[in-house]
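Subject: Structure handover

Hello,

Here is the structure we talked about. Please open it and keep it beside this email as you read.

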Amino acid sequence: MTSAELLVLLTDGRDPLPRSVLRTASRLVEADAPVDVVAMPAVALARMIDTTYAESTDGLARVADDVRAFADTPVRLCRAEVDEDVLLVVLAAAEPIVISVFVHDRAAQRVSIGHEPLERLLRRSRSSNRAVALDALRGLSPEATFACHRQDAVRTASTFERKYSAAVHSGVDVDGLDEFVSALRRQNGEAVLLLDLPAADGGLIVGVREDRSEVLAVLSVRGLQS
């Protein structure tokens with residue numbers, strides 16, 4: 001499929017689409033950008049988004065929910081990018097019906113926090129893994145900055161609960177999961193920032209309030225194979 005063909009499918013659809021989608025699709029045509037197409041059952045695509053992309057890209061949860069309603073029906077995932085924008089379009093496989101669309105602006109999601117501000121937040125935190133995180137931070141350069149990923153707090157809590165509970169049963173050492181999940185659920189649907197801290201024998205995931213005013217919780221994971 002070409003970007004021009006994809007634009008035709010989007011503009012010929014019965015339901016109106018967000019302007020951001022149509023603008024991005026038009027820019028794809030102007031750049032003659034290639035479109036990657038993958039076919040799979042809808043339920044498999046929803047599961048893939050839940051377990052992989054929804055953790056790192058805010059907004060894909062809605063796509064997963066749209067797709068999940070089609071159960072085992074085959075769908076096509078079309079992906080194309082231009083500059084910092086990534087357009088995802090899910091089509092029915094049997095006929096050109098648009099199931100869901102999403103534009104991910106990678107530049108807009110770039111948020112970071114420096115070593116010193118993170119240290120201050122950790123010192124004020126009540127997380128049971130605060131000391132572990134401070135120890136990990138001391139081993140890193142004072143000039144280090146840490147990329148933060150904005151996520152829906154409640155949905156991320158559910159995803160982490162499933163993922164890391166399964167990891168525990170597989171022999172992975174996970175410390176602070178209940179505290180982490182509870183802290184995110186208390187955000188009542190607000191967003192949360194997640195960042196990774198490397199540690200000598202594993203890694204730490206730090207949950208920070210979206211305005212970067214508080215560390216909500218710290219999850220320690222050791223022995224997880226990538």
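Predicted model: local features only at pLDDT ≥ 70, side-chain atom pairs only at ≥ 80, totals over all residues.

**The four-stranded sheet**

Start with the open sheet of four strands. Its order is E1-E2-E3-E4, and the pairing is antiparallel. In general, strands of a sheet pair through backbone hydrogen bonds. Strand E1 (36-41) and strand E4 (98-105) are the edge strands, and each pairs on one side only. From one strand to the next, the twist averages 15°.

Look at E1 beside strand E2 (residues 74-82). Six bridges link this antiparallel pair. To find your place, locate Asp 36: it stands opposite Arg 79 in E2.

**The helix on that sheet**

Helix H1 (residues 3-11) packs on this sheet. H1 touches E2, strand E3 (85-92) and E4. The direction of H1 makes about 65° with that of E3.

Which residues of H1 are buried? They are Ser 3, Leu 6, Leu 7, Leu 9 and Leu 10. Viewed down the axis of H1, the buried residues fall within an arc of 160°, so they line one face of the helix.

**The six-stranded sheet**

Next comes an open sheet of six strands, again with antiparallel pairing. The order is E5-E6-E8-E9-E10-E7. Why are strand E5 (111-114) and strand E7 (173-175) at the edges? Each has a single partner strand, so one side of each is left without a neighbour in the sheet. Neighbouring strands here are turned by 30° against each other on average, direction ignored.

Strand E9 (residues 202-209) and strand E10 (residues 215-222) run antiparallel and are joined by six bridges. Within this pair, Val 206 has Val 218 in E10 as its bridge partner.

Helix H7 (residues 153-169) packs on this sheet. H7 touches strand E6 (145-152), E7, strand E8 (191-199), E9 and E10. Its direction makes about 105° with that of E6.

The cut-off for buried is under 20% relative accessible area.

Best wishes

Terms used:
Residues numbered from 1 in each chain as written. Heavy atoms only, no water. Pairing = 2+ DSSP bridges. Helix = DSSP H or I, 4+ residues; strand = E, 2+ residues; numbered from the N terminus. Axes fitted to C-alpha atoms, helices over the stretch in contact; angles between N-to-C directions. Contact = heavy atoms within 4.5 Å. Buried < 20%, exposed > 50% of the residue type's maximum accessible area, 1.4 Å probe, protein only. Arc of directions from axis to C-beta.
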